[in-house]
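User: I am new to this structure and would like to go through a few of its features step by step. Could you take my questions in turn?

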Number of protein chains: 2
Amino acid sequence: MRTPSHGRPSDPPTIGGDVGAGTRAVTRGSLGPPGTSAGRRASDEVGASGKESPVQSVDRAATILDQLAEAGELGVTELARRLGVHKSTASRLVAALEKWELVEQVEGRGKYRLGIGLLRLAGTAVAGLDVVEQARPVCRRLAAETGLTVNLAVLSDNHALYLDQVAGTSALQSYNWVGQRIPLHATSNGKVLLSGLDRHTVRALVRTLTAYTPKTITDLARLEAELDHARTDGYAIAVDELEDGLAAIAAPVRNAHGEITNSLSLSGPTFRLDPARLRGLRRVLIPAATEVSRRLGWRGQA
Amino acid sequence: MRTPSHGRPSDPPTIGGDVGAGTRAVTRGSLGPPGTSAGRRASDEVGASGKESPVQSVDRAATILDQLAEAGELGVTELARRLGVHKSTASRLVAALEKWELVEQVEGRGKYRLGIGLLRLAGTAVAGLDVVEQARPVCRRLAAETGLTVNLAVLSDNHALYLDQVAGTSALQSYNWVGQRIPLHATSNGKVLLSGLDRHTVRALVRTLTAYTPKTITDLARLEAELDHARTDGYAIAVDELEDGLAAIAAPVRNAHGEITNSLSLSGPTFRLDPARLRGLRRVLIPAATEVSRRLGWRGQA
DNA sequence: TATCCGAGTTGCGTATGCCGCAACTCAACT
DNA sequence: AGTTGAGTTGCGGCATACGCAACTCGGATA
């Protein structure tokens, strides 16, 4: 161990009570090592969950990115406190990240935020994903046929993460949701993604059912009922549940092992998508989602 | 110094002949520390480009991301070769990145590619950028008024990087360009961004004028003439220059110091945007871009 | 204007965390 | 079966990243 602080232990209280400043660790943020997504123990080192990191500094750097993503902007001192390291260490880590434009200073001398280097990388990352590549032609066709907006989502952490979007002709104005993280219980995509999980996992993922509109599902039993429907029918619907005036229908995309890995959705303004039409869209949507699954190696039965 | 290797030179073959394995350093990829973007002299120092990295491992990790962005997929051994480090080192770095889903294995045991953790971060990054936030309402209005697709771009490295996009009603089908990097000389956005730079810098940025269509500008003199027009007229146009059938007009966005930091564009299918109409769009586009500049603190004269 | 305070950066010495080595595992070919 | 080639892991030494403290810088207070 180097200093009594931040010795990366596993269980005991292990506060980073070290140097002069009272350094306190913070609970896992949004990104976080995979494995434990739900119930985390309280008051743990920020980078401690899961397996040991093979390279400490990289782990700390990633933690910085994670914390910045969660908080928006943070100063060096605050970052140091959250990591449980000395100011100077945080400063050097941030400087290393800044050199690659992964973070940037907000104003001459001050706080830091995530930088556009991440955008460059993300652009390549999304292009390299099999799903996106395989789904794109299908999405384009869907958008052309229906005139609606097509979205491709994946389960990430405990949110739906939009991977790709194709805007159709009748979109009033749609901006980009790609990279955005959306609550699971209030969207058609979210319901479909949840429908691939067992009841226990679902409960772990949706701890709180936040109401975004009067029509948002806030009752766990009702949500589970909808998930059951989604499992048997092969699609899910959400109308005015995340945002008033927004309606959508989604269907699952499966990988070669038959697991629901992604979700494909059609969305548009509620006034143009009455219940009958929305439900009718399953006839084009489900085959499209199935085709994507096929391209990914799925050989099962829809 | 640790090993004599990985001297990150810029251009010549510059072998990092070091340890046992024939490790070779690689020329800078796409991301790269800011500062020197074009070809600098081949100084032999380790931290050659710009300043030394304050944290070696973080620097190496970032290099890995950069190399993966450039190559798509790479194995551990190949990464090690490019970094000029031992296999095991590369393996551990990659493992650290994988823990945060910044990279992921393509198939059980094999090559690595960029991961979706980057998407999560990028989503937050773009949301936190002042420009995007300030430009969004303006973009929405533009899209609603014109029915065309609106894009917001920034100069990054030696490409145009799309930061945000709003699709209008008449978009046939538009998919997401956000995060994509587009050549500067073949797009209206690129021309506008270049118009903010002096002739010397422009020449350094566009080394080669690749032809994407028969109408792509491949003559430096002609490009510079267009840039001059853009400087005096306050907008730039590109028709069928990047992709056949794609037309666009762009106008500059300035920061508080009056520097051209971003570019706002309207684009649509060529058959719907005859030269007269395209040019006429400047009457709505330029005021919109100016409004964004104002929001960013610009007090100058359009 | 002078003084303090809080925040970020930098030189330095140290021990710790990382790196290279080599042995290991595992597939894919021959 | 043997061979090659690629990725992972235990180990020991030493370079590296850390903590410390002194420094700079700007803003607030008196």
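User: Which helices each supply at least two residues of the lining of the second largest cavity?

Analyst: This is a predicted model, and a search of the whole structure finds 5 cavities of 30 Å³ or more. The second largest cavity holds about 120 Å³ of space, and among the 15 residues lining that cavity, those closest to its centre are Leu65(A), Leu97(A), Leu102(A), Leu65(B) and Leu97(B). The helices that each supply at least two lining residues are helix 1 (56–71) and helix 4 (117–128) of chain A, together with helix 1 of chain B.

User: Is helix 1 of chain B roughly parallel or roughly perpendicular to helix 3 of chain B?

Analyst: Helix 1 (residues 56–71) of chain B packs against helix 3 (residues 87–99) of chain B with the axes 10 Å apart and at an angle of about 80 degrees. Angles of 65 to 115 degrees count as roughly perpendicular, and therefore helix 1 of chain B is, relative to helix 3 of chain B, roughly perpendicular.

User: Is Gln134(A) buried or partly exposed?

Analyst: Gln134(A) sits in helix 5 (residues 130–146) of chain A, where, leaving aside residues up to four places away in sequence, Gln134(A) touches Arg295(A) and Leu296(A). Buried would mean under 20% relative accessible area; because Gln134(A) has 23% relative accessibility, this residue counts as partly exposed.

Key
Residues are numbered from 1 along each chain as its sequence is written. Chains are lettered from A and ligands numbered from 1 in the order in which they are written. This is a predicted model: local features need pLDDT of at least 70, side-chain atom pairs count only at pLDDT 80 or more; totals for chains, interfaces and linings use all residues. Side-chain values use heavy atoms; hydrogens and water are left out. Axes are lines fitted to C-alpha atoms, for helices over the stretch in contact, and angles run from 0 to 180 degrees between N-to-C directions. Helices (H or I, at least four residues) and strands (E, at least two) are DSSP runs, numbered from the N terminus. Angles under 35 degrees count as roughly parallel, over 145 as roughly antiparallel, 65 to 115 as roughly perpendicular and the rest as oblique. On a 1 Å grid over the protein atoms alone, a cavity is a set of points where a 1.4 Å probe fits but cannot get out, and a pocket is an open set with protein on both sides within 12 Å along at least five of seven lines; lining residues have an atom within 4 Å of a point. Grid points are joined across faces, edges and corners, and a volume is the space filled by probe spheres set on the points. Buried means under 20% relative accessible area, exposed over 50%, partly exposed in between (1.4 Å probe, protein chains only). Contact means heavy atoms within 4.5 Å.
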